[in-house]
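Hi,

Here is the structure I said I would pass on. Have a look at it first, and my notes come after.

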Amino acid sequence: MMSETILQVTGLTMDFGGIRALDTLDFEVRAGEILALIGPNGAGKTTLFNCVTGIYTPSGGDILLYQPGVRARTRLNGLKPNHVAEKGVARTFQNIRLFSKMTVLENVMVGRHCRTKAFILGAVFRDRKTRAEEQAIVEQSYALLKEVGLAAQVNELAGNLSYGAQRRLEIARALATEPFLLLLDEPAAGMNPQETIRLVQLIGKIRDQGHAILLIEHDMKLVMTLSDRIVVMDYGRKIAEGAPEEVRSNKEVIRAYLGEEG
Amino acid sequence: MDYFVELLFSGLTRGAIYALIALGYTMVYGIIGLINFAHGEIYMIGAFTSFVVATVLSIYGFPLLAIVVLAGVCAAIWSSAYGYTIEKLAYKPLRHAPRLSPLISAIGMSIFLQNYVLLAQTSDFLPFPELIPDFAFMEPYAHIVGSSDLVILVTTAVLMVALTILIKFTRIGKAMRATAQDRTMAMLVGINVDRIISVTFIIGSGLAAVGGLLVASHIGQINFYIGFLAGIKAFTAAVLGGIGSIPGAVIGSLILGLTESFATGYISSDYEDVFAFSLLVLILIFKPSGILGKAETKKV
Amino acid sequence: MFPLKDLKRSLLVSLWFALLTFPLMVIQVDPIERVVNWRWHNMFFVAMGSFVISVVSKVFFAQKEQQLARKRDAGDEVSETLFQRVLHEPRALFLLSMASLVFALAFPFLFSTYQTNVMTTALMYVVLGLGLNIVVGLAGLLDLGYVAFYAVGAYSYALLNHHFGLGFWTVLPVGGLMAAFFGILLGFPVLRLRGDYLAIVTLGFGEIIRLILENWNDFSMGPSGIANIARPGLFGLDLNLNMAILYLYYLMIALLMITVFVVNRLQDSRLGRAWVALREDEIACQAMGIDKTRTKLVAFALGAFWAGIIGVVFAAKTTFVNPASFTFLESAIILSIVVLGGMGSIVGVIFAALILILLPEYLRFLSEYRMLVFGAILVLMMVFRPEGLISNRRRIYQFKKKG
């Protein structure tokens, strides 16, 4: 059974000066799946993330989002990053971008920003609605931290966490924005084997809760165990797509990897 | 027509002075990405040092040529020493701090130096001795372009050529360009980055000091506050040309000098400074990369 | 105890500074009388001073190094000063604030009118500092033209009072709103700029406002300013000068309490968290759905609002405004307060403002060196203690173990 498409990328192209980082890329993400993006360094994977999340405006092509429960599709090209987040797409960053001088809990609470409303007057007068909202933010954030295994460190500064814990905190912060599509940029980078195992469990759990996941990762074991489908990129193009076992035996993929690296 | 040519030359002269100061801003920015807010004060200290030296020498009866040369050399040496010291004290410890920290430090340094000169010397305007005589061969053109304008233009041109040669063709120039492009890489290939940064401050400060001497003798008076406005205007020129770019700083300075000269000459002189500030605000808002600068791409 | 090598270095440093400052510190010329005054004693002072400072800073750095090493070994928290620990204890903080409130209320009865007047000025700087703290400390936007909004407030009252006879209480909110409006007007185009460019643009804006006030005679009466501005009224009562000073003092106390209350609540709210997050990482913030421009604009406008309010109070207090009160140095003073106090810390800003404004007032011999010290503070704080006198600690949340 094919589930519905939630993100459709067609003919996506991104030029930086003379360099073409993405070249007429086509693929789609379906509801509830884990789609892995793999490819050698510099293949354009993070650039793709930046295009989808509104940090770059693509030079050509379309990024279409089909929100659950919303009839019309949304064109993401050129939307501001915060609007993309409001539409239900959240991400983590390859080179961790936490608010390092805020506590772990506060980091996640900031993620609740786009789903809450209190403003100047609410902040100053703290009416009942604001207090209830604030209470809910704290509780929901704490629940998310328990989920990623950081409940013991809620009051620590994010910058003082270990590398692996910071990566998990980034996931919790992204989840706080209530995304239906989660973009993870190398979540296992810098983790030790035990941490990676826990991460695999965590990502699986997030998928089971109904979030679709688009994943960039270099750890092939992780990619092969977790993903439902894989898209392989090289020089900004898609060179292969399919289930893990199909991709594993694809000649072009082997050439891109082995030809480059060994 | 004469009036137009007169304004043209006064604009070029202004531009030349701005260029001498703007180069310091742009070189430092190119290398460490810092708006060296205290640079205007280096220029002011250059003017004061040349004032002190020139006046002392003239009291002791030295000939004019010796006074000019010694005042210039002393101003350049001492300003460079100030520039070097400031970098070591206020910026070097902040190399890895958040971006705004060195800027705040620079603002503090600027205020400190202003008040240091105020306390060490005086808050009054001081009459600056006339160091550039009226040349006889300039007599027929004196109503259009003064001798000091000529000296300023020639001096600036010579210094620009010297600087270009230094940066393009010498070892230290190559190292400076490498450091500006990628500090970590430069360090990896064995360039002593700290030394290059010091050299940049020294050269920039020296040029500003010459600017200080030339302006002071052109205008005829100085006080401790002249660095603030001159600094802002030179910074405007550097941004206009594209901060980080050396030819950009010169072009930006000439444009700023000419527009100021024509605007005050043909329109009104009341809002002379408002004009420079507005220009600064407008460029930063609409084209922060300036004429010759590269636009920055954000890296995520 | 002190290594010989370091001693030698300190001697070299002092020699360097003696030579560096030689032309300006030692020589003083009178170009009219044509005499040279050689002040050799200054060279001695500079050499001694730089030697002592060099030695002290060496010791300081060595100690800091040791502390860091010890911390690395033990792995425990940075040791906080006793004072700082007291501040983080809610009950102690409450007692401390109550005590200072009682002292503040009793102040005019304990000291002379002159002292009260000085204190009012200091309180104005406290509020200005707290206002700028929203912009610089919380949201991380370096605003070097803060004084422009102060001027907008002051001139709002001066002009509205002069032309239309409007009273203090009417204009107080108007001045604040006018300043906030200017903040939004400026903020729209400039807030997307990078931090250091933003700083320079706001500086330029501040100077433009001052130059316009100086040159546009028909509007602002130019450099001579506007005089005879009405003092604040109290239910139509005619106050004598002493009473007016007293009245303004209590008004400032009330204003300060409101400001502290509001800033404290803002800090600990959805908006406050968004500000701090923006200060830490803009791109991550946007990816979390925070509207960068809007959030910054609110910080900018709120900061400007407070400057405008204090501007109105300033005009009412001095009964006279002219452009000379609104120079860049004023912005720099307020910035020094925020930097010294510790960016984002309310208590820190209050202490810093009181220290920086009252000290030169009472130590007269210092007042000449006031701006020199302010400049030095900015540099020294950045180099030695960027977190300020009192570092801002994040709020701690308690959860039950089983949750």
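Below is what turned up, grouped by topic.

One thing to keep in mind as you read: this is a predicted model.

**Surface patches**

Let's start on chain B. Arg195(B) belongs to helix α8 of chain B, which runs over residues 193-219. How open is Arg195(B)? Its relative accessibility is 49%, so it counts as partly exposed; the exposed class takes in residues over 50%.

Chain C has a patch of another kind. This one is nonpolar, covers about 630 Å², and is built from Phe351(C), Ile355(C), Leu359(C), Tyr362(C), Leu363(C), Phe365(C) and Leu389(C). Helix α16 of chain C (residues 346-362) is the main contributor, giving four residues. Phe351(C) is found in that helix, α16 of chain C. With a relative accessibility of 34%, Phe351(C) counts as partly exposed.

**Domains of chain C**

While you have chain C on screen, take a look at its domains. The assignment gives domain 1 as 4-74 and domain 2 as 111-384. How far apart are the C-alpha centres of domain 1 and domain 2 of chain C? They are separated by 36 Å.

Now for the backbone. I have two for you.

On chain A, Arg126(A) has a phi near 45°, which is positive although the residue is not glycine. You'll find Arg126(A) in the loop that links α4 (120-125) to α5 (128-147) of chain A. Its relative accessibility is 27%, so Arg126(A) counts as partly exposed.

Back on chain C, Thr319(C) has a phi near 55°, again a positive value in a residue other than glycine. This residue lies in the loop between α14 (292-318) and α15 (328-341) of chain C. Is Thr319(C) buried or exposed? Thr319(C) is buried, because its relative accessible area is 19% and the buried class is anything under 20%.

That's everything from me for now. Enjoy exploring!

Definitions and conventions: Residues numbered from 1 in each chain as written. Chains lettered and ligands numbered in written order. Predicted model: local features only at pLDDT ≥ 70, side-chain atom pairs only at ≥ 80, totals over all residues. Heavy atoms only, no water. Helix = DSSP H or I, 4+ residues; strand = E, 2+ residues; numbered from the N terminus. Buried < 20%, exposed > 50% of the residue type's maximum accessible area, 1.4 Å probe, protein only. Domains from an automatic or database assignment. Patch = residues over 30% accessible without salt bridge, like charges linked within 9 Å, V, L, I, M, F, W, Y side chains within 5 Å. Areas by Shrake-Rupley, 256 points an atom, 1.4 Å probe, with all protein chains shown as cover. Salt bridge = Lys/Arg side-chain N within 4 Å of Asp/Glu carboxyl O.
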